[in-house]
Amino acid sequence: EEGPFDAVSKLLTGQYDRLSMADKLDAYFIDSSLVPLMIHENYFRSRPTSARSIQGKPVSDHLKLMAAAADSLSLSEKVESLIRGSNQEWSLAPLHGYMSCVLPSYYVHGALSGQIMFPSWFGNNSKATKSNRLLKEISNHTFLA
């Protein structure tokens with residue numbers, strides 16, 4: 001059985017071109033919460049090996065392709081907020097998969113340098129939560145004195 005690391009490897013390497021759209025979306029649905037974070041963490045480690053089309057024009061400039069991937073990731077956050085928000089628009093999950101995984105990978109797939117990294121967001125979020133908890137404790141003790 002495939003896991004998130006396998007999915008990200010398929011999407012960010014040359015395997016991308018051999019996958020159907022259904023296969024690409026299936027990679028997202030392996031773990032629709034984790035795979036987009038892993039794409040976000042690792043897309044800049046991938047080096048496109050050929051030009052990609054942006055708005056109908058072939059582009060081979062690495063920085064422009066990275067910017068296009070970042071734009072797609074940014075817009076996918078808006079879709080995710082609709083999915084996880086008060087209305088729970090789960091019908092938008094395939095669109096989120098396309099915008100958070102398929103499209104960014106289209107722009108940057110090719111040669112992946114180094115190993116696929118687990119999202120640093122989890123560690124950063126844990127640190128922030130701990131810091132906030134400690135700050136509240138200090139605040140409570142300060143006001144008691």
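This is a predicted model: local features need pLDDT of at least 70, side-chain atom pairs count only at pLDDT 80 or more; totals for chains, interfaces and linings use all residues.
Trainee: Okay, let's start with serine 100. Which helix does serine 100 lie in?

Mentor: Serine 100 sits in helix α5, which covers residues 93-108.

Trainee: Is serine 100 buried or exposed?

Mentor: Serine 100 is buried, because its relative accessibility is 1% and the cut-off for buried is under 20%.

Trainee: What does serine 100 touch, if I skip residues up to four places away in sequence?

Mentor: With those left out, serine 100 touches Tyr28, Pro36, Ile39, Leu73 and Ser76.

Trainee: And what lies 2.7 Å from a polar atom of the serine 100 side chain?

Mentor: That would be the backbone oxygen of histidine 96.

Trainee: Switching to pockets. Which residues line the largest pocket?

Mentor: Ser100 is on the list, and so is His96.

Trainee: What volume does the largest pocket have?

Mentor: The largest pocket has about 170 Å³.

Trainee: Which helix gives the most to the lining of that largest pocket?

Mentor: Helix α4 does, with 4 residues. At least two lining residues come from each of α3 (34-42), α4 (62-84) and α5.

Trainee: How do the lining residues of the largest pocket divide into nonpolar, polar and charged?

Mentor: There are 5 polar, 3 nonpolar and 2 charged residues in that lining.

Trainee: Which residues line the largest cavity?

Mentor: Its lining is made of Tyr28, Ser32, Glu80, Ile83, Arg84, Trp90 and His96. Helix α4 provides the largest share, 3 residues. By class, you get 3 nonpolar, 2 polar and 2 charged residues.

Trainee: Who are the contacts of serine 105, beyond neighbours within four places in sequence?

Mentor: Serine 105 is in contact with Leu11, Leu12, Tyr16 and Ile39. Also, the C-alpha atoms of serine 105 and methionine 66 are 9.8 Å apart, while the two residues are 39 residues apart in sequence.

Trainee: Now lysine 64. Buried or exposed?

Mentor: Lysine 64, in helix α4, is exposed because its relative accessible area is 53% and exposed means over 50%.

Trainee: What does lysine 64 touch, not counting residues up to four places away?

Mentor: Lysine 64 touches Ile54 and Val59.

Trainee: Last topic, the largest nonpolar core. Which of its residues touch the most other members?

Mentor: Val8, Ile39, Tyr43, Tyr107 and Val108 do, out of 27 residues in that core. Each of α1 (4-12), α2 (21-29), α3, α4 and α5 supplies at least two residues of this core. Helix α5 gives the most, with 6 residues.

Technical notes: Residues are numbered from 1 along each chain as its sequence is written. Side-chain values use heavy atoms; hydrogens and water are left out. Buried means under 20% relative accessible area, exposed over 50%, partly exposed in between (1.4 Å probe, protein chains only). A polar contact is a pair of N or O atoms within 3.5 Å; within protein, one must be able to donate a hydrogen and the other to accept it, and residues adjacent in sequence count only if both atoms are side-chain atoms. Contact means heavy atoms within 4.5 Å. On a 1 Å grid over the protein atoms alone, a cavity is a set of points where a 1.4 Å probe fits but cannot get out, and a pocket is an open set with protein on both sides within 12 Å along at least five of seven lines; lining residues have an atom within 4 Å of a point. Grid points are joined across faces, edges and corners, and a volume is the space filled by probe spheres set on the points. Ala, Val, Leu, Ile, Met, Phe, Trp, Tyr, Cys and Pro count as nonpolar, Asp, Glu, Lys and Arg as charged, and the others, Gly among them, as polar. A nonpolar core is a set of buried Ala, Val, Leu, Ile, Met, Phe, Trp, Tyr and Cys residues joined through side-chain atoms within 4.5 Å.
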